[in-house]
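Here is a quick tour of one protein model, written for someone who likes the cut-offs spelled out. Have a look at the structure first, then read on.

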Amino acid sequence: MSIAIDLVSLSKHYGAVRALDDVTLQVREGEFFGLLGPNGAGKTTLISIVAGLARATSGQARVMGFDVVRDYRQARRALGVVPQELVFDPFFTVRETLRLTSGYYGIARNDAWIDEILTNLDLSSKADANMRSLSGGMKRRVLVAQALVHRPPVIVLDEPTAGVDVELRQALWRFVRRLNREGHTIVLTTHYLEEAQELCERVAMLQNGAMVALEPTADLIRRFAGGMLVLRLGGAPLPPRLAALRVEYPLPDRVALPLARYEELEPTLAELRQAGCLIEELEVLHTDLEDVFVRIMRGER
Ligand SMILES: Nc1ncnc2c1ncn2[C@@H]1O[C@H](COP(=O)(O)OP(=O)(O)OP(=O)(O)O)[C@@H](O)[C@H]1O
Ligand SMILES: [Mg+2]
């Protein structure tokens, strides 16, 4: 299987700050990959190196086999990046902006594809509007469009849904999923872990520049699996055996008990009944990517 993005021992230091610390990672062609981590973890730094916008302190990065330094032009051509920061020229219209970007990649007549992108991002009505007249969310849509004008095989989206409304988010994911089905490799960074869980087949987690997890999303969740039984009780106090199992929960009037398997549910309820506890409310919570993320950031592996 071919490798879309190949990073070998990649490090980037800013003075004493290790923005990236010895990251080795391969994103396979056709993958929908998530790059996760808290603020300052190094996600944008990694993307900037891959896009040739920043130089690694050490290590190598390749896009579709092209070294981002030695074969800069080919590597850049193979990549479409939706940057985290809004940057644009206020004097051009949306269409002019997209034509200019096409020109930058040496594509002369690109209007058919530009129109398709505009339609999919619900931007057609803004095609002739000046960039400076657009709202923040609209500008972000243009950034997404700009990343796609040269039909790059690898698409990297750095928090594309920050500050965009529900409708665009859904439209954007439909479009990106379609591009992925058509063979494009997708790398996504987001702080919305629900989105990552739903979209990404595999995720990497960065913390202080180092990679602390790299696994198929489903495996990661399964490995940390375990639910929680959350109860509001009346009647008699919690029996001592269950009181000893009790885990912390944000609402003080709730009793939270770990629940590794559903088979534990019935005996637990029977034990409560026998002790004379009355169940006033009951909820079973499942582990999701957000729980896993929090636990990994706390140092669990
Ligand atoms: N040009 C720079 N000069 C100095 N330090 C930098 C520079 N760019 C990034 N850093 C530092 O590198 C670290 C990683 O930053 P980076 O922007 O890659 O994080 P991030 O994971 O993208 O965070 P966020 O989720 O907030 O976007 C941070 O400590 C940041 O302050
Ligand atoms: Mg960032």
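N180 sits in helix α6, residues 166-181; helices here are DSSP runs of H or I with at least four residues, strands are E runs of at least two, and both are numbered from the N terminus. With 16% relative accessibility, N180 counts as buried, because buried means under 20% relative accessible area, with exposed over 50% and partly exposed in between (1.4 Å probe, protein chains only). Leaving out residues up to four places away in sequence, N180 touches G30, E31, F32, I186 and E201, where contact means heavy atoms within 4.5 Å.

## Ground rules

This is a predicted model, so local features need pLDDT of at least 70 and side-chain atom pairs count only at pLDDT 80 or more, while totals for chains, interfaces and linings use all residues. Residues are numbered from 1 along each chain as its sequence is written, chains are lettered from A and ligands numbered from 1 in the order in which they are written, and side-chain values use heavy atoms, with hydrogens and water left out.

## The whole protein

The secondary structure comes to 11 helices and 13 strands. Along its principal axes, the C-alpha trace spans about 80 × 45 × 35 Å. Of the 301 residues, 47% count as buried. Among contacts with a separation of 6 or more, 71% come from residues 24 or more positions apart.

T44 is partly exposed at 32% relative accessible area, and Q84 is partly exposed at 26%.

As for α1 itself, 7 of its 8 residues are buried, so the helix is largely enclosed by the rest of the structure. The buried ones are K43, T45, L46, I47, S48, I49 and V50. Just after α1, G52 takes a positive phi of about 75°.

## Two helix pairs

α3 and helix α5 (residues 136-148) pack at about 30°, with axes 9 Å apart. Axes are lines fitted to C-alpha atoms, for helices over the stretch in contact, and angles run from 0 to 180 degrees between N-to-C directions. That makes α3 roughly parallel to α5 (under 35 degrees; over 145 is roughly antiparallel, 65 to 115 roughly perpendicular and the rest oblique). V94, T97, L98 and T101 of α3 meet V142, A145 and Q146 of α5.

The axes of α4 and α6 come within 9 Å and cross at roughly 135°, which means that α4 is oblique to α6. W113, E116, I117 and N120 of α4 make the contact with A171, F175, R178 and L179 of α6.

## I117

I117 lies in α4, residues 111-120. Buried or exposed, what does I117 count as? At 0% relative accessibility, I117 counts as buried. Not counting residues up to four places away in sequence, I117 touches A145, L148, V149 and F175.
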